[in-house]
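Here's a quick briefing on strand pairing and one surface patch. Have the model open as you read.

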Amino acid sequence: SQQLYVAADDVVRITPTAFVHAGGEVAVIAGGDVTIDSDATHSGSFIVSGSTTGNITYKRYIDDANWHLVSAPVTDQSIPDFVGVVGNAVTQSGNNYAVSYYNNTNAAGKRWTYHNTVDTAPENQETLTSFIAGQGYSMNRTAAGTYTFTGAMANADVSVTIPTTGGSAHLWSAIANPFPSFLSVNTAADAANLLVDNLAALDASFAFLYVWNGTSEEYDPIGAEGAALQLAPGQAFMVKAKTDGETFIFNKTLQNHNSGAATFYKSSALNPTISVHLTNGTANKSANLEFLDDSTTGLDVGYDAGAYQDGTPSFSINTHLVSDSQGIDFTRQSLPISSLDSEVAIPLSINVGIHEEVTFSAEINNLPEGVSVYLEDTFNSTFTNLSEAPFE
């Protein structure tokens with residue numbers, strides 16, 4: 001087996017387009033340096049089959065000053081030390097730092113709980129200690145750049161209890177890739193994958209990994225049968241548990257090297273899709289429909305994605321299932337492709353302010369020629385063709 005011994009003052013640097021797979025033991029002596037780099041389009045990776053001792057460093061590049069869901073690809077990294085590193089450029093407001101974990105027992109709107117150096121006891125701030133393997137954090141930099149994580153390497157299966165803070169009817173958690181390597185998420189990426197391993201622990205209406213999209217400020221659901229996705233080192237996401245106290249397992253055998261371009265999150269699809277957009281001139285939201293051969297008008301587990309909500313949203317657009325609706329808002333709904341040959345009414349769920357002016361529009365991709373999207377106003381008994389122009 002291939003062993004790696006890094007003595008004091010020795011340096012091993014894994015560049016963003018490179019990877020190292022050690023088949024045997026890895027030992028990093030104090031003063032030795034094993035660093036894995038990433039950039040805007042690639043992430044280096046490090047996999048060890050044998051035992052590990054000593055610390056490694058992972059440099060997780062963030063390409064803007066937006067909020068991101070991030071994890072530590074190492075264990076035992078001190079959060080107070082981390083925010084104190086000038087190069088990490090963690091946004092600071094007084095004693096509060098933009099490193100927060102998701103406490104689902106807090107009230108709606110106060111669940112992201114921020115690191116505070118003096119812990120003055122508001123519900124959503126406390127003095128944090130160390131990053132926890134497999135837990136996700138919402139983090140913000142003052143500018144694009146690199147978070148530097150240093151600690152021991154996770155080198156066994158990592159099990160996370162979801163919700164990570166129990167005792168609440170709100171069953172969402174922020175969890176994360178704990179390894180300095182990629183994980184296959186869904187079937188298109190690998191038959192053995194993260195969602196297949198953990199589907200039984202998730203609510204059937206929310207059988208997805210929800211990845212924060214900083215551009216549109218929404219959570220994008222990643223399904224077991226969606227476009228191929230490899231979860232990058234340092235990538236965190238939201239999940240909704242079936243019941244309190246479920247176990248989500250990050251199996252070390254799912255680790256792999258992805259040498260191609262792999263930013264924090266990117267997916268695409270060629271299936272027929274309709275996105276109905278809602279804007280008030282400032283915020284933009286969308287409800288998404290996908291048409292597949294084997295879908296139904298009822299709940300299709302792993303295809304119909306319930307919307308992440310922290311309380312009742314003030315501005316949103318979603319759909320309800322066409323058949324057997326239980327009143328759940330869906331950010332994405334799959335329907336049989338055969339329904340494109342006939343009229344199908346899809347209920348919209350909309351939250352806007354009183355007297356707020358909004359505009360509806362539709363984005364249509366890969367639909368058969370002649371298919372149009374209409375918005376029905378049941379109160380006024382009118383239909384508006386969104387395929388032709390936006391509607392206010």
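In what sense do S8 and strand S15 (residues 145–152) pair, and over how many bridges? They pair in the antiparallel sense over eight bridges. This is a predicted model, where local features need pLDDT of at least 70, side-chain atom pairs count only at pLDDT 80 or more, and totals for chains, interfaces and linings use all residues. Residues are numbered from 1 along each chain as its sequence is written, and side-chain values use heavy atoms, leaving out hydrogens and water.

**Pairing around S8**
- Strands here are DSSP E runs of at least two residues and helices are H or I runs of at least four, both numbered from the N terminus; two strands pair if DSSP finds at least two bridges between them.
- Across from Asn55 you'll find Ala152 in S15.
- S8 (residues 55–62) also pairs with strand S5 (residues 33–36), this time in the parallel sense over two bridges.
- Tyr58 in S8 sits opposite Ile36.

**A three-strand open sheet**
- The order is S21-S18-S24, with antiparallel pairing.
- Strand S21 (230–231) and strand S24 (255–256) are the edges, each pairing on one side only.
- S18 (residues 182–184) is joined to S24 by two bridges, and Phe182 has Asn256 as its bridge partner in S24.

**The nonpolar patch**
- Leu199, Leu299 and Val301 make a nonpolar surface patch of about 210 Å².
- Areas come from the Shrake-Rupley method with a 1.4 Å probe, and for residues only the protein chains shown count as cover.
- Leu199 lies in the loop between helix H2 (194–198) and strand S19 (209–213).
- Leu199 is partly exposed, at 32% relative accessible area (buried is under 20%, exposed over 50%, partly exposed in between).

Note on methods:
Patches are made of residues with over 30% relative accessible area and no salt bridge: like charges are joined within 9 Å, nonpolar side chains (Val, Leu, Ile, Met, Phe, Trp, Tyr) within 5 Å. A salt bridge is a side-chain nitrogen of Lys or Arg within 4 Å of a carboxyl oxygen of Asp or Glu. Buried means under 20% relative accessible area, exposed over 50%, partly exposed in between (1.4 Å probe, protein chains only).
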